[in-house]
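This report is written for a reader who meets the structure for the first time. Please keep the sequence and the 3D view at hand while reading.

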Amino acid sequence: MKTVAGNWKMYKTIEQATEFFSQMSGMAAPRTDKVNVLIFPNYVAMGAVAVSGVVPDWIHLGAQDVAAEAEGAFTGEVSPQMIQSAGATHVLIGHSERRHIMGESADLLHRKLSNALQAGLIPVLCVGETLDERDAGRMQEVIFGQLDTGLAGVALQNGAQLTVAYEPVWAIGTGVNAANEQIEDAHRLIRDHLSQLLGNPVGSSIPILYGGSVKPANFAAIVGLPSVDGGLIGGASLKPDAFAELIAIAEQV
Ligand code: PEP
């Protein structure tokens with residue numbers, strides 16, 4: 001089973017999101033035993049499309065962020081329960097834009113991840129090194145550090161409770177995807193580390209997605225790699241045609 005997950009970032013109004021899902025509803029549903037489809041819209045669009053019922057039942061929804069608390073006086077924050085009330089099942093934690101632009105700390109991300117897990121949301125924990133870190137030979141150290149802090153004290157019953165996305169920062173939104181060997185290398189390291197941290201069979205069954213300038217032209221080669229359980233896709237997930245192509249590619253693996 002491969003996952004095709006679209007991260008819409010800060011794009012799409014309610015109208016635009018509705019138009020996207022209407023177009024997806026018009027296409028033949030993919031084989032859900034072959035491909036798991038997820039979209040991470042902004043909160044406003046997610047709430048609206050969830051209520052209008054325009055989302056086909058084979059597309060699962062996720063939030064791009066979540067509060068570190070369950071409820072309370074936290075202006076601007078959105079709780080796991082609110083996200084779940086829109087029918088969403090997943091949440092991104094530690095996307096590089098939140099780590100590097102919003103400056104979210106390792107401790108905050110750990111609290112967000114724990115809060116999501118406790119509510120029964122599936123965190124998609126994003127990890128990845130910057131180009132400077134890779135050039136300095138620190139890729140493994142950075143990724144392991146992000147996994148260690150994000151998952152500190154976490155115990156899971158099964159691998160379906162968590163997803164990890166390897167997203168090298170230098171590949172996000174740049175048009176330059178990581179080479180197949182770089183992806184395999186990073187995913188193998190992540191897999192081994194997850195097994196160490198969470199034990200097996202949990203660690204060996206957590207899906208690991210690749211993200212970073214995925215598009216229809218390069219996805220077949222990437223999603224076909226043995227260590228890759230799917231893609232987390234930004235830019236190419238915004239257009240229904242391109243997203244449908246990505247789904248069809250994953251379905252054929
Ligand atoms: C992302 O937003 O997680 C991402 C990988 O973006 P893009 O596909 O545009 O590189």
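## Helix α5 and its end

Gly120 comes after helix α5 and has a positive phi, near 95 degrees. Helices such as this one are DSSP runs of H or I with at least four residues, strands are runs of E with at least two, and both are numbered from the N terminus. The model is a predicted one, in which local features need pLDDT of at least 70 and side-chain atom pairs count only at pLDDT 80 or more, while totals for chains, interfaces and linings use all residues. Residues are numbered from 1 along each chain as its sequence is written, and side-chain values use heavy atoms, with hydrogens and water left out.

Helix α5 covers residues 106-119, 14 residues in total. The expected span of a helix is 1.5 Å times one less than its number of residues; for α5 this gives 20 Å, which agrees with the 20 Å between its end C-alpha atoms. Leu109, His110, Lys112, Leu113, Asn115, Ala116 and Leu117 of α5 are buried, where buried means under 20% relative accessible area, exposed over 50% and partly exposed in between, with a 1.4 Å probe and protein chains only. An α-helix has 3.6 residues a turn, so residues three or four places apart point the same way. The buried residues of α5 pack against α3 (80-85), β4 (90-93), α4 (96-100), β5 (122-127) and α7 (139-150); contact here means heavy atoms within 4.5 Å.

## The ligand and its shell

The ligand is surrounded by 14 residues, and the closest are Lys9, Glu167, Gly173, Ser213 and Gly234. The shell divides into four nonpolar, eight polar and two charged residues. In this grouping Ala, Val, Leu, Ile, Met, Phe, Trp, Tyr, Cys and Pro count as nonpolar, Asp, Glu, Lys and Arg as charged, and the others, Gly among them, as polar.

A backbone N or O atom of Gly173 lies 2.6 Å from one, and a backbone N or O atom of Gly234 lies 2.8 Å from one. From Asn7, a polar side-chain atom lies 3.1 Å from a ligand oxygen. The protein covers 95% of the 290 Å² of accessible area that the ligand has on its own, as computed by the Shrake-Rupley method with a 1.4 Å probe; for residues, only the protein chains shown count as cover.

## The loop between β1 and α1

Most residues other than glycine have a negative phi, and most peptide bonds are trans. Lys9, which is not a glycine, has a positive phi of about 50 degrees. This residue lies in the loop between β1 (2-7) and α1 (14-25), and it counts as buried because its relative accessibility is 17%. Lys12 lies in the loop between β1 and α1 as well; its phi is also positive, near 85 degrees, and Lys12 is buried, with a relative accessible area of 19%.

Asn42 belongs to another loop, between β2 (35-40) and α2 (43-52). The side chain of Asn42 reaches the backbone oxygen of Lys12 at 2.8 Å, and a polar atom of that side chain lies 3.3 Å from the backbone oxygen of Tyr11. A polar contact is a pair of N or O atoms within 3.5 Å; within protein, one must be able to donate a hydrogen and the other to accept it, and residues adjacent in sequence count only if both atoms are side-chain atoms. Asn42 counts as buried because its relative accessibility is 19%.

Asn218 lies in helix α10 (residues 216-223) and, at 11% relative accessibility, counts as buried. Its side chain forms a polar contact of 3.3 Å with the side chain of Asn177. A polar atom of the Asn218 side chain also lies 2.9 Å from the backbone oxygen of Ser213.

Thr163 lies in strand β6 (residues 163-166) and is buried, at 9% relative accessibility. Although Thr163 and Pro123 are 40 residues apart in sequence, their C-alpha atoms are 6.2 Å apart in space. Elsewhere, a cis peptide bond with omega of about 10 degrees joins Asn200 and Pro201; Pro201 lies in the loop between α8 (180-198) and α9 (202-205).

Conventions: Near = heavy atom within 4 Å.
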